[in-house]
Amino acid sequence: VRWQLCPPQRPLQASAVLRRVSDEQKKEPFASSSQQQFNSQPADHQPEQEPQGPDPSYTGQGGQESEDYESEEQLQHRILTAALESVPEHGWTAEAIAEGAKTLGLSAAAAGMFQSDGSQLILHFVSQCNTKLSELLQQEQKLVEQGEAEKKPTDQFLRDAVEARLRMVIPYIEKWPQALSILLMPHNIPSSLSLLSSMIDDIWHYAGDQSTDINWYTRRAVLTGIYNTTELVMMQDSSPDFEDTWRFLENRVADAMKMGDTANQVQSTGEAIVQGLMGAAVTVSNAETSRALR
Amino acid sequence: KMAGLGSARALRLLSLSLSLSLSRRRGALRGFADGPQMHFGFQTVTEEERREKINRVFESVAKKYDVMNDSMTLGIHRLWKNALVRQMNPSPGTLLLDVAGGTGDIAFRFIDYVRSVRERQLQRRLKHHQNLSWQEIAESYQEDKSPLGDSQVVVCDISKEMLQVGKEKAQDLGYSEGLSWVLGNAEELPFDDDKFDVYTIAFGIRNVTRIDLALQEAYRVLKPGGRFLCLEFSQVRNPLLSRLYDLYSFQVIPVLGEVIAGDWKSYQYLVESIRRFPPQEEFKAMIEDAGFFKVDYENLNNGIVAIHSGFKL
């Protein structure tokens, strides 16, 4: 309904900053996927900014030229990416976002577009890291398919994936505890949880998990636990190049693997015991019956 | 004796106001012509007449402006203005243009806010430098030549009297740095393009004759990335609250105006101009038409007041 009430085209030439999409060598598909993950703002504004849609090949009605300016969301992503450079100095705050806006040539007041606690900056960063991880895993998979690399065993694969992901945090490690605490705030939990779970899901997917039973859940739960605990260990680690953290990770993954085997063993032992008990019960009931009959 | 006169007069005026406001409201439903005819409260006037009338309104209310604000809103207008500056969340180094900011309320709040942010920044910076000697620390406090961090606010108003009141207030309260007073019309600002970080207009835009021109001027003088903020009376949706609000507005406020400021008509105009101002969504559309992006509004007190915000992107 709102779509119909809007005028068909906003005066795009009035925009002072929103650039044409063609100007950027930009990662549009990634931008839109990360938007879906945590952008809580309604997509109301999108129809107003891009009445012709984000697809550059679309031509507007009535022979109008399709001026594809970037949307507000894309500009926001640009500002947040620029803001990441100021994070080591200012922390994950609105000040860092203001500095980021300034490097893009915008007024610091543009930071008012975001929440004042800096949570959008953190979510943006996490989403960016997850995207990078996906790309990395996809490339590795391609290499394996082309036969240029060996397929790694599961525990090695998981270890490498988690390590690669955690290494992306290293440049910001001093302020990362602050980021973690902000991510745990109630209004951020839905977004941060969904980002985390989609990342873990990605890792398992590329690890080759095709389970369709309870294992799907247990595997993801276990890996989430491993990832979170390793992250916390990394916060307190002061060894060179975080060796202690990677060793911790190795141990946890090994435990998880063993647990998988143990589970099977426990199950078969359990089944054996149950059969034994059943047999005993049958024997006892037979003995009773025969005694009764005597 | 003076008090007795005042209360008798007030009673007479109260009965007068009942009949007057009823007839005015009925009159407004007919004959609102288009074109050069505009509204002045519930009257119909030409553009020029409107500007004249509004000028005269502010000439007469200037001296008692703050007192009347306090009595009409029971002091709540301070909370509204605090909310506006909090939403602005200015960082040191911001250049603010406060239009129709005559008596300086927003400007003073802005300066206070920026000063406290700056102090916190300096404290944090000092904390990081753990190994400074006492002497160096003392020096850093003294050397701070910019307690406001180079932030500045320009107060622009169309009425000389309002600016005068504002300047006197600034002197009384001890605000000297980072403050400028400029006489100007919101429809035609005497500033260059792309100058300011933030443009605010608090309870002023409904007095502007051509709101679209004011919005366009706001767009022009803001830097890319700059923010437009407007604090204004708006529409109350809640029917019960709306009834009470109407009752208070039309019966109590003009009487207060007569008793405290000796000026019935100006406050009658005030109340009527509030009713004439477009509702939240319509005003939001007007702001978008001027070219602002990410336009949004926040209702305070159920819609009695709304803060509209937009960015020049």
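The model is predicted, so local features need pLDDT of at least 70 and side-chain atom pairs count only at pLDDT 80 or more, while totals for chains, interfaces and linings use all residues; side-chain values use heavy atoms, without hydrogens and water. Residues are numbered from 1 along each chain as its sequence is written, and chains are lettered from A in the order in which they are written.

**Polar links across the interface.** The count is five residue pairs in polar contact, both at pLDDT 80 or more. A polar contact is a pair of N or O atoms within 3.5 Å; within protein, one must be able to donate a hydrogen and the other to accept it, and residues adjacent in sequence count only if both atoms are side-chain atoms. Helices (H or I, at least four residues) and strands (E, at least two) are DSSP runs, numbered from the N terminus. Ala, Val, Leu, Ile, Met, Phe, Trp, Tyr, Cys and Pro count as nonpolar, Asp, Glu, Lys and Arg as charged, and the others, Gly among them, as polar.

**Salt bridges.** The whole structure holds 27 salt bridges over all chains. One of them crosses the interface of chain B and chain A. The rule asks for a side-chain nitrogen of Lys or Arg within 4 Å of a carboxyl oxygen of Asp or Glu.

| Salt bridge | N to O distance |
|---|---|
| Arg124(B) and Glu95(A) | 3.5 Å |
| Lys152(A) and Glu140(A) | 3.6 Å |

Lys152(A) lies in the loop between α7 and α8 (154-167) of chain A and Glu140(A) in helix α7, so the pair ties together parts that are 12 residues apart in sequence.

**Helix α7 of chain A.** Helices α4 (residues 72-83) and α7 (residues 119-145) of chain A have axes that come within 10 Å and cross at roughly 90°. Axes are lines fitted to C-alpha atoms, for helices over the stretch in contact, and angles run from 0 to 180 degrees between N-to-C directions. α4(A) and α7(A) are therefore roughly perpendicular (65 to 115 degrees). Their contact has three nonpolar, five polar and no charged residues.

Notes
Parallel < 35°, antiparallel > 145°, perpendicular 65-115°, else oblique.
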